Amino acid sequence: MRILVVEDEHDLGAAVQERVRMDGHAVDWFTTLEEARAAIATVDYDFMLLDLGLPDGNGRALLRDIRRTSMDIAILITTAEDQISDRIAGLSDGADDYIVKPYDLNELVARIAAVARRYATPRRQACYRVDEVTIDRENRSVSRDGQRLDLTAREWAIMELLSRSPGQIYSRQQIDTALYALDRDVDSNTVEVFISRLRKKVGNAVIRTVRGRGYCLADGEAA
């Protein structure tokens, strides 16, 4: 997923960014509401980790704005406000979950996965099969002829994106966005390199090239 982290505590923000990236997600980290609003205006995020006590205001203001526009983004509040009334207020404003600082990073990524499952749609099948290749979104794995393939985090990010809507064409820019955070440089041929590596593992027929438009997952079936 593409995840937005809004956290002004530098050490915690850096630790969260690193841990969530280890789980295979692309992460953008900002420290103010202003920066977060600018990021949301330009990037289509799947998930947001939102601190409440930020230098330029309370994160619930951003939460309410997002829910008023009915944006399809999962939101998990991360904050030191531990009163029951605080939790109720955050959930009432539209948060999907709430975790109180200090928290364990492994619990955090488990909560991210749990909330993300609730956002799954019928088009986003847990498992999808193309010929002898099976993509298991829930377990974050790809197998071929029953043998699990060893994919890098970025290779999995591409497979996860393409399997969201099999047959839908994803542009190079969309794949770039899924692979990298905003502060990272992307080489002009990076996507092509990773697609080539993936095809060596899953087979050339699994990922289709649509000339001039991008890539898509070949026709298959829910597994």
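Modeller: Please keep in mind that this is a predicted model. Strand E9 (residues 133–136) and strand E10 (residues 141–144) run antiparallel and are joined by four bridges.

Biologist: Which residue of E10 is the bridge partner of Thr-134?

Modeller: Thr-134 has Ser-143 as its bridge partner in E10.

Biologist: And what packs on the sheet, touching E9 and E10?

Modeller: Helix H6 (residues 153–164) does, and its direction makes about 90° with that of E9.

Biologist: What is the order of the strands in that sheet?

Modeller: The sheet is open and has five strands, in the order E11-E10-E9-E8-E14, with antiparallel pairing. Strand E11 (147–148) and strand E14 (221–222) are at the edges with a single partner strand each, so one side of each has no neighbour in the sheet.

Biologist: Turning to the largest nonpolar core, which residues touch the most other members?

Modeller: Those are Val-142, Ile-158, Met-159, Ile-175, Ile-207 and Leu-217, in a core of 27 residues. H6 provides the largest share of this core, six residues.

Biologist: What is Ile-158 in contact with, leaving aside neighbours within four places in sequence?

Modeller: Its contacts are Ile-175, Leu-179, Phe-194, Ile-195 and Leu-198. There is also a second, separate core of 21 residues, which includes Ala-36, Leu-54, Ile-75 and Ile-77.

Biologist: Now helix H2: which of its residues are buried?

Modeller: In H2 (residues 33–42), Leu-33, Ala-36, Ala-39 and Ile-40 are buried. Down the helix axis they fall within an arc of 125°, so they line one face of H2.

Biologist: Which residues are exposed on the other side of H2?

Modeller: Glu-34, Ala-41 and Thr-42 are exposed there.

Terms used
Residues are numbered from 1 along each chain as its sequence is written. This is a predicted model: local features need pLDDT of at least 70, side-chain atom pairs count only at pLDDT 80 or more; totals for chains, interfaces and linings use all residues. Side-chain values use heavy atoms; hydrogens and water are left out. Buried means under 20% relative accessible area, exposed over 50%, partly exposed in between (1.4 Å probe, protein chains only). Helices (H or I, at least four residues) and strands (E, at least two) are DSSP runs, numbered from the N terminus. The arc is that of the directions from the helix axis to the C-beta atoms. Two strands pair if DSSP finds at least two bridges between them. Contact means heavy atoms within 4.5 Å. Axes are lines fitted to C-alpha atoms, for helices over the stretch in contact, and angles run from 0 to 180 degrees between N-to-C directions. A nonpolar core is a set of buried Ala, Val, Leu, Ile, Met, Phe, Trp, Tyr and Cys residues joined through side-chain atoms within 4.5 Å.
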